[in-house]
Amino acid sequence: MKDGVARAPVAALPMYGLPELQDAQHQVWIGMRKALRAYGLQAPDRLSSGRARMDLWTDPALVLGQTCGLPYALSLTEQVELIGTPDYRLEGCPPGYYQSVILVRLEHRATSLPDLVGARFAVNERSSQSGYAALVMALQPLAGRADFRVSFSFTGSHAQSLQSVMNGTTDAVCMDAITWRLARRYQGADRELRPIAATVPTPGLPLIAARGQPIERIRAAIAMSFRTMAPSLKAIYGFGDMLPIAPQRYVEQLARLRRAEAVVLPRLNATGL
């Protein structure tokens, strides 16, 4: 409520919005919307789009959103409530966790991360857990080598990072395994790229709502929507259930990142910041 006037509810699920999945994303929202309304909550007819993510995440009328773990730990823990974390059923990850994969072109010589010392990495943005933080932490053990040197080129999105590697502007990209799974399935990205390494699993992308919202009812409604989601729709994203992961788990990842940055960044060349 602002100036005594109730604001219309807002919902946004911007994290895996591939053009090919717009209809599937809307179907996911229809199920969530139905569950929210069944619990006596207001929910918008459609998801918001076209707004800056931080603007959406900090909207006081947000009844449901999904954010990345790094911005959550950096600036959102005091502004939003954590609803839960979807499980995407990724092989090699605990439930509710995810990891990143490091990709190169099919013809690239690299077969493991140490082969990429001296490489040019495409990075979506510095506030990304999967594209930036996971990469910095993966490079930390290599940073003590005398020949260690890498370059980061900040592209603005995972899609632009993929394109940068495909066209040879950069050598490699680090991106979350869910995006990679969707890019393979719906965009044929594995016809040009291949993974050479995977990072340590970290807590997945949390669902959030604004402070002051009826959090327990929202949590119960969204949990129900995951349990009752059509199997065919779950299969598109790999959804399992929504799980409780404590906010502290995300904050711990930020502390790990800061330690890794202290070692890696002094030996980094970066463009596009």
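1. Helix 5, spanning residues 158–166, has His 158, Ser 161, Leu 162, Ser 164, Val 165 and Met 166 among its residues, and these are buried. The model is a predicted one, and this applies to every point below. Just past the end of helix 5, Gly 168 has a positive phi of about 85°.

2. Asp 171 sits in the loop that links helix 5 to strand 8. Is Asp 171 buried or exposed? Its relative accessible area is 12%, and a residue is called buried under 20%, so Asp 171 is buried. Leaving aside residues up to four places away in sequence, Asp 171 touches Leu 103, Val 104, Arg 105, His 108, Ala 119, Arg 120 and Val 165. Of these, Val 165 is also one of the buried residues of helix 5.

3. Helix 4 also meets helix 9 (residues 247–264): their axes come within 8 Å and cross at roughly 60°. The two helices are therefore oblique to each other, and their crossing is left-handed. On the helix 4 side the contact involves Gln 129, Tyr 132, Ala 133, Val 136, Met 137 and Leu 139. Their counterparts in helix 9 are Gln 253, Arg 256, Leu 257, Ala 260, Glu 261 and Val 264. Sorted by class, this contact has eight nonpolar, two polar and two charged residues.

4. The crossing is right-handed. Helix 1 contributes Gly 31, Met 32, Ala 35 and Leu 36 to the contact, while helix 7 contributes Ile 218, Ala 221, Ile 222, Met 224, Ser 225 and Phe 226. These residues divide into eight nonpolar, two polar and no charged.

5. Strand 11 pairs with strand 2 in the antiparallel sense over two bridges, and Gln 66 stands opposite Leu 207 of strand 11. With strand 3, strand 11 pairs in the antiparallel sense over four bridges; here Val 80 stands opposite Ala 210. Both faces of strand 11 are covered, with Leu 207 and Ala 209 buried on one side and Ile 208 and Ala 210 buried on the other.

6. Strand 3 (residues 80–86) and strand 12 run antiparallel and are joined by two bridges. The bridge partner of Pro 86 in strand 12 is Met 242.

7. Thr 67 belongs to the loop between strand 2 and helix 3 (69–76). With a relative accessibility of 0%, Thr 67 counts as buried. Apart from residues up to four places away in sequence, Thr 67 touches Met 15, Trp 57, Tyr 72, Leu 76, Leu 205, Pro 206 and Ile 208. Ile 208 is one of the buried residues of strand 11.

8. Two other loop residues are partly exposed. Arg 89, in the loop between strand 3 and strand 4 (97–98), has a relative accessibility of 49% and so counts as partly exposed. The phi of Arg 89 is near 50°, which is a positive value in a residue other than glycine. Ala 246, in the loop between strand 12 and helix 9, is partly exposed at 36% relative accessibility. Ala 246 and Arg 126 are 120 residues apart in sequence, and their C-alpha atoms are 23 Å apart in space.

Definitions and conventions
Residues numbered from 1 in each chain as written. Predicted model: local features only at pLDDT ≥ 70, side-chain atom pairs only at ≥ 80, totals over all residues. Heavy atoms only, no water. Buried < 20%, exposed > 50% of the residue type's maximum accessible area, 1.4 Å probe, protein only. Axes fitted to C-alpha atoms, helices over the stretch in contact; angles between N-to-C directions. Parallel < 35°, antiparallel > 145°, perpendicular 65-115°, else oblique. Left-handed = near helix turned anticlockwise from the far one by under 90°. Contact = heavy atoms within 4.5 Å. Nonpolar A, V, L, I, M, F, W, Y, C, P; charged D, E, K, R; others polar. Pairing = 2+ DSSP bridges.
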